[in-house]
Amino acid sequence: MTGSTAASFTADDYRARMERAARTAADAGLAGLLVAPGPDLVWLTGYTPPAVTERLTLLVLAAGQDPVLVVPALEAPDAHRAAGAAALTLRDWTDGKDPYAATADLLDASGRFGISDNAWALHLLALQQAMPGSSYASLTDALPMLRAVKDAAELDLMAAAGAAADATFEEIRTVPFAGRPESEVAADLDRLLRRHGHEQVDFTIVASGPNGANPHHEAGDRVIARGDMVVLDFGGLRDGYGSDTSRTVHVGEPTDEERRVHDIVREAQEAGFRAVRPGAACQDVDRAAREVIAAAGYGEYFIHRTGHGIGVTTHEPPYMIEGEERPLVPGMCFSVEPGIYLPGRFGVRIEDIVTVTEDGGRRLNTTARELVIVE
């Protein structure tokens, strides 16, 4: 199990999630869901196998039947201890037996199933061989909103993760930047996130000077200098739920142009946030932020979507991007993170995690969005 999420949710919580997932699958025309080890399995059952191996572990969900977790016998004791174990039936199998035949007995041999994106091809191909009439769709394609709407307990965990990332930023802005390689500041971010309760750090982007024009720059050996703009983007999992925030700082006094570009991104981020409300389309958030940057003459330098969903993973549906007409629903959580990237010069990105409320949106990151001067 990841962090302390098992203590946060009961067997009844997991039962309700599995029942909802099965109903949603049936409504989508699927015969059921097949969930391999990964974030979907953790969210649905509270169970993380002690190791992900070639041995089949698979949760079988279908409307009208009890959920079944097919698990190797040597890992069954761990599965029995999962927070959601009381809400499902465990079917274990021993080495030398055929787990695919045992799984096929639970399924409609001619059905179409949603299957975890991270399921091994080894297992999917073996299931197809056991059930030649079956077909499959990835969960992201078939049920992209399965985990998108968070309940009150999940929102509390998301808020706590956001507060921990904010505390990390408040500390990192006080450390020396000039004269140190990006990798050292990135190590500081990792250490601070863990100090503030993160059990997993997914990324610590420190992109100084011209490196800031690469949105996914990996911190390297470049020594940060006075006069550099520095993009900081960091996050991970705290008690099983994600944080992700970006702030752009400047080492010493910025130029007028650097201040202007930062102000444009800050205005775009505010516009994206103000577009968040129930019933608005995901693309409306992207359009609102992009319009500000385009109007200022920097449209060609905003080179990525405005946001992504976040929950038990740091990147998941929904996505704030042109063409995504899915409506926003209270409880959705996602980033709003416009940026401007000037090749060979510098970049600016400002990012908050936002949750949809009954009448608008609420930021889960509250640190200053104005340009911060560091030393």
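1. Ser243 and His198 are joined side chain to side chain by a polar contact of 2.7 Å. (A polar contact here is a pair of N or O atoms within 3.5 Å; within protein, one must be able to donate a hydrogen and the other to accept it, and residues adjacent in sequence count only if both atoms are side-chain atoms.) Bear in mind that this is a predicted model, where local features need pLDDT of at least 70 and side-chain atom pairs count only at pLDDT 80 or more, while totals for chains, interfaces and linings use all residues. Residues are numbered from 1 along each chain as its sequence is written, and side-chain values use heavy atoms, with hydrogens and water left out.

2. Staying with Ser243, you'll find this residue in the loop between β9 (241-242) and β10 (245-251). Helices (H or I, at least four residues) and strands (E, at least two) are DSSP runs, numbered from the N terminus. Ser243 counts as buried because its relative accessibility is 1%; buried means under 20% relative accessible area, exposed over 50%, and partly exposed in between (1.4 Å probe, protein chains only). Leaving aside neighbours within four places in sequence, the contacts of Ser243 (heavy atoms within 4.5 Å) include His198, Phe203, Phe234, Ile310 and Thr314.

3. Another loop residue to look at is Glu337, between β13 (333-336) and β14 (339-342). Is Glu337 buried or exposed? With 8% relative accessibility, Glu337 counts as buried. The Glu337 side chain makes a polar contact of 3.2 Å with the side chain of His308. Beyond four places in sequence, Glu337 also touches a run of other residues, among them Asp233, Asp244, His304, Arg305 and Arg349.

4. On confidence: the chain averages a pLDDT of 95, and 98% of the residues score at least 70. (pLDDT is the predictor's confidence in each residue, from 0 to 100.) The stretch to treat with care is residues 1-7, where pLDDT stays under 50 and the model has 20 contacts beyond four places in sequence. Where pLDDT is low, the predicted coordinates should not be read in detail.

5. If you're wondering about disulfides (a pair of cysteine sulfur atoms within 2.5 Å), a search of the whole structure finds 0. Cys282 is in none, and the nearest cysteine sulfur, that of Cys333, is 13 Å away.

6. Helix α11 (residues 282-295) has 14 residues and reaches 21 Å from its first C-alpha to its last, close to the 20 Å expected at 1.5 Å a residue. The expected span is 1.5 Å times one less than the number of residues. Just after α11, Gly297 takes a positive phi of about 90°.

7. Which residues of helix α6 (residues 121-130) are buried? They are His123, Ala126 and Leu127. They cover an arc of only 100° around the axis, which puts them on the same side of α6; the arc is that of the directions from the helix axis to the C-beta atoms. An α-helix has 3.6 residues a turn, so residues three or four places apart point the same way. Leu125 and Gln129, on the other side of α6, are exposed. The cover over the buried residues includes β1 (32-35), β2 (58-61), α5 (99-104) and β6 (135-138).

8. Two bits of backbone geometry deserve a look. Most residues other than glycine have a negative phi, and most peptide bonds are trans. Asp239 has a positive phi of about 50° although it is not a glycine; Asp239 is in the loop between β8 (229-238) and β9 and counts as buried at 18% relative accessibility. The peptide bond from Pro317 to Pro318 is cis, with omega near 5°, and Pro318 is found in strand β12.
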